[in-house]
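Dear colleague,

I am passing the structure below on to you, and the notes that follow it set out what was found there. Please read them with the coordinates open beside you.

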Amino acid sequence: MENDKLSPTSLAFIAMANEYCEIIENCAEHGREGVVESMLKLLPRIYITVSDIEPSLEYFDAFISQSLDEPTYDMVRGNLSALMGEDDVYLEVFLEDMKYSDTPIAASISENLADLYQEFYNVVSSLRDLNTDEQRQILGMCKENFTEYWGQTLCNVFRALHSVSVIVRDDF
């Protein structure tokens, strides 16, 4: 008999993804210091937790729907950019293009956070109203996407946020 409940690890990831989305959606209320502090605590926990999710070897009918529309993504990114101000842009060394570049490549904290928001929003939205097996498949696809795509984004923006946290502390 197959277990009809998600693992505690999967439930923890869903809760953290939901918390992440809430913080990003309400970033103006949290303020720059609050968002930076929250992200520095939440992102490593998300990384560890999604790393521990069991991969799903079979994908049947489940898929991660693209629920977040472009205007909402742009609004989120714009709100984050305004919040981060001059600290939004940072130099990135962990981009594929960097191998072929003689000059530094700029990246954006707001765009990285919005990209993660889009992933988490779509995953959480996709999980609603599915049976447990389909939810496991969605979480397996999320883990696969983490490995191939957004895990590096999470690490890159974490490093940039750490630098901003030093600036924030020095401002007070």
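**Helix H4 and its surroundings**

Of the 19 residues of H4, 15 are buried, so this helix is largely enclosed by the rest of the structure. Please keep in mind throughout that the model is a predicted one. H4 covers residues 109-127, and from its first C-alpha to its last it reaches 27 Å, which is close to the 27 Å expected at 1.5 Å a residue. Just after H4, Asp 129 takes a positive phi of about 65°.

**The chain as a whole**

The secondary structure of the protein chain comes to five helices and two strands, and their order along the sequence is α-α-α-β-β-α-α. The chain has 172 residues, of which 43% count as buried, and it exposes about 9800 Å², with carbon and sulfur atoms supplying 51% of that area.

In soluble globular proteins, nonpolar side chains tend to be buried together. Here the largest nonpolar core holds 48 residues, and those that touch the most other members are Phe 13, Tyr 20, Met 39, Trp 150 and Leu 161. The elements that give two or more residues to this core are helix H1 (8-25), helix H2 (27-51), helix H3 (70-84), H4 and helix H5 (132-171), and the largest share, 11 residues, comes from H5.

Which residues is Leu 161 in contact with, once its neighbours within four places in sequence are left aside? They are Val 36, Met 39, Leu 40, Leu 43, Met 84, Ile 109 and Leu 113.

**The salt bridges**

The count comes to three salt bridges. In one of them Asp 87 pairs with Arg 32, the closest N and O atoms being 2.7 Å apart. This pair links distant parts of the chain, since Asp 87 lies in the loop between H3 and strand S1 (89-92) while Arg 32 belongs to helix H2, 55 residues apart. Asp 87 has a relative accessibility of 13%, and because the cut-off for burial is under 20%, it counts as buried.

Another salt bridge joins Glu 37 to Lys 41, with the closest N and O atoms 3.4 Å apart. Because Glu 37 and Lys 41 are four residues apart in helix H2, about one helical turn separates them. An α-helix has 3.6 residues a turn, so residues three or four places apart point the same way. Glu 37 is partly exposed, with a relative accessible area of 41%, whereas Lys 41 is exposed, at 52%.

The remaining salt bridge is formed by Arg 136 with Asp 133, whose closest N and O atoms are 3.0 Å apart. Arg 136 and Asp 133 are three residues apart in helix H5, and so they too are separated by about one helical turn. Arg 136 counts as partly exposed at 23% relative accessibility, and Asp 133 is partly exposed as well, with a relative accessible area of 38%.

With best regards

Methods:
Residues are numbered from 1 along each chain as its sequence is written. This is a predicted model: local features need pLDDT of at least 70, side-chain atom pairs count only at pLDDT 80 or more; totals for chains, interfaces and linings use all residues. Side-chain values use heavy atoms; hydrogens and water are left out. Buried means under 20% relative accessible area, exposed over 50%, partly exposed in between (1.4 Å probe, protein chains only). Accessible areas come from the Shrake-Rupley method with a 1.4 Å probe; for residues, only the protein chains shown count as cover. The expected span of a helix is 1.5 Å times one less than its number of residues. A nonpolar core is a set of buried Ala, Val, Leu, Ile, Met, Phe, Trp, Tyr and Cys residues joined through side-chain atoms within 4.5 Å. Contact means heavy atoms within 4.5 Å. A salt bridge is a side-chain nitrogen of Lys or Arg within 4 Å of a carboxyl oxygen of Asp or Glu.
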